[in-house]
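Visitor: I should like to learn how to read the features of a structure such as this one. May we go through them in turn?

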Amino acid sequence: EIESRQMKTWNLMAQKVAHDIKSPLTAMMLTLERLQKEYHHRSPEAAPLYDNHVVGIIDRMEALRRMTRNFMKFVDAEELRLVEKDFNAFVQRVSDEISKTVPPDIQLELKLGSALRSVSFDEEQLQEVLENLVANAVNALPDGGKIIFSTQLAHNLLLPPSHGEPLDYIVLEVLDTGIGIPAAIRNRIFEPKFTTSSQGNGLGLAIVKRIVEKHGGHIEVESEEGAGTAFSVYLPMG
């Protein structure tokens with residue numbers, strides 16, 4: 001009963017947040033469009049430079065819009081939009097986008113497995129998973145380092161919530177060479193509102209776990225203090 005009341009509260013809050021964010025974002029987008037028309041008219045020679053800045057602003061606004069939608073899906077206010085896609089192509093695209101935002105002293109590397117067939121997933125939500133895991137990795141790399149995305153197939157695994165039936169999975173791993181997660185808090189990192197960062201809100205990894213579970217998948221973490229952390233996301237081939 002307590003969990004039910006909490007979920008209703010999250011649902012109402014998500015809808016309010018979505019509404020409160022949507023209106024100013026729409027106004028900002030219209031303002032940017034007017035601004036673009038104005039500087040293209042007044043200073044066409046400088047327009048390409050200004051366009052680069054505007055594109056960056058729009059990208060961040062879209063990320064905020066996507067985060068709001070994913071939060072609503074997190075509390076079941078929206079359904080998953082499952083579409084069959086090439087998983088490696090998806091990881092490559094998201095990696096290319098994320099690489100533009102990570103600090104210059106952090107290297108992003110891809111190790112994509114061969115023979116991965118298409119799988120059904122919600123592209124926006126899994127992008128949120130990758131972005132949150134990378135944000136977590138960046139926080140663990142204060143002096144720079146490496147983040148590795150890898151994909152592979154795993155056959156006949158018995159993982160929750162498979163209900164006792166072995167399944168085939170696509171495994172997505174996000175590994176960093178950072179400071180690691182202390183053993184004392186490892187079993188709490190997916191709890192909502194739990195954070196060790198002064199700037200964190202404690203929702204990032206909770207949202208990751210929720211999204212993976214809504215896909216019928218499973219997530220695990222392995223970490224060694226001073227050596228790095230690896231998050232493994234298992235998505236059923238279905």
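**Reading the helices, rings and strands**

Guide: Let us begin with burial along a helix. In α4, the buried residues are Gln125, Leu126, Gln127, Glu128, Val129, Leu130, Asn132, Leu133, Val134 and Ala137. Please note that this is a predicted model.

Visitor: How many residues does α4 have, and what distance does it reach from its first C-alpha to its last?

Guide: Helix α4 covers residues 123-139, which is 17 residues. The helix reaches 24 Å between its first and last C-alpha, close to the 24 Å expected at 1.5 Å a residue.

Visitor: Which residue caps the N-terminal end of α4?

Guide: The cap is aspartate 122, with a side-chain oxygen 3.2 Å from the backbone nitrogen of glutamate 124.

Visitor: At what angle do α4 and α5 pack?

Guide: The angle between α4 and helix α5 (residues 204-214) is about 145°, and their axes are 9 Å apart. The crossing in which α4 passes α5 is left-handed. On the α4 side, the contact is made by Gln125, Leu126, Glu128, Val129, Asn132, Leu133 and Asn136. On the α5 side, Gly204, Leu205, Ile207, Val208, Ile211 and Val212 take part. Several of these α4 residues were named as buried, including Leu126, Val129 and Leu133.

Visitor: What span should helix α1 have?

Guide: Helix α1 (residues 2-42) has 41 residues, so at 1.5 Å a residue it should span 60 Å. Its end C-alpha atoms are 60 Å apart, in agreement with that value. The buried residues of α1 are Asn11, Ala14, Ala18, Ile21, Leu25, Met29, Leu32 and Tyr39.

Visitor: How is a pair of aromatic rings described?

Guide: One gives the distance of the centres and the angle of the planes. In this structure, a search of the whole model finds six aromatic pairs. One of them joins phenylalanine 87 and phenylalanine 90 in a tilted arrangement, 5.8 Å centre to centre with 45° between the planes. These two residues are separated by about one helical turn, because they are three residues apart in helix α3 (residues 87-99). Phenylalanine 87 and phenylalanine 90 are both buried.

A second pair, formed by tyrosine 169 and tyrosine 234, is edge-to-face, with 6.0 Å centre to centre and 90° between the planes. This pair links distant parts of the chain: tyrosine 169 belongs to strand β5 (residues 167-176) and tyrosine 234 to strand β7 (residues 228-236), 65 residues apart. Tyrosine 169 and tyrosine 234 are both buried.

Visitor: Which residues do ring pairs link into a cluster?

Guide: The cluster consists of Phe87, Phe90 and Phe121.

Visitor: Why does serine 150 count as buried?

Guide: Buried means under 20% relative accessible area. Serine 150 has 13% relative accessibility and therefore counts as buried. This residue lies in strand β4 (residues 145-157). Leaving aside residues up to four places away in sequence, serine 150 touches Lys111, Val171, Leu172 and Glu173.

Visitor: Where is isoleucine 57 found?

Guide: Isoleucine 57 is in helix α2 (residues 47-74). With a relative accessible area of 40%, isoleucine 57 is partly exposed. Isoleucine 57 and isoleucine 148 are 91 residues apart in sequence, and their C-alpha atoms are 27 Å apart in space.

Terms used: Residues are numbered from 1 along each chain as its sequence is written. This is a predicted model: local features need pLDDT of at least 70, side-chain atom pairs count only at pLDDT 80 or more; totals for chains, interfaces and linings use all residues. Side-chain values use heavy atoms; hydrogens and water are left out. Helices (H or I, at least four residues) and strands (E, at least two) are DSSP runs, numbered from the N terminus. The expected span of a helix is 1.5 Å times one less than its number of residues. Buried means under 20% relative accessible area, exposed over 50%, partly exposed in between (1.4 Å probe, protein chains only). A polar contact is a pair of N or O atoms within 3.5 Å; within protein, one must be able to donate a hydrogen and the other to accept it, and residues adjacent in sequence count only if both atoms are side-chain atoms. Rings of Phe, Tyr and Trp (its six-membered ring) pair if their centres lie within 6.5 Å; planes under 30 degrees apart count as stacked, over 60 as edge-to-face and the rest as tilted. Axes are lines fitted to C-alpha atoms, for helices over the stretch in contact, and angles run from 0 to 180 degrees between N-to-C directions. A crossing is left-handed if the near helix is turned anticlockwise from the far one by less than a right angle, and right-handed if clockwise. Contact means heavy atoms within 4.5 Å.
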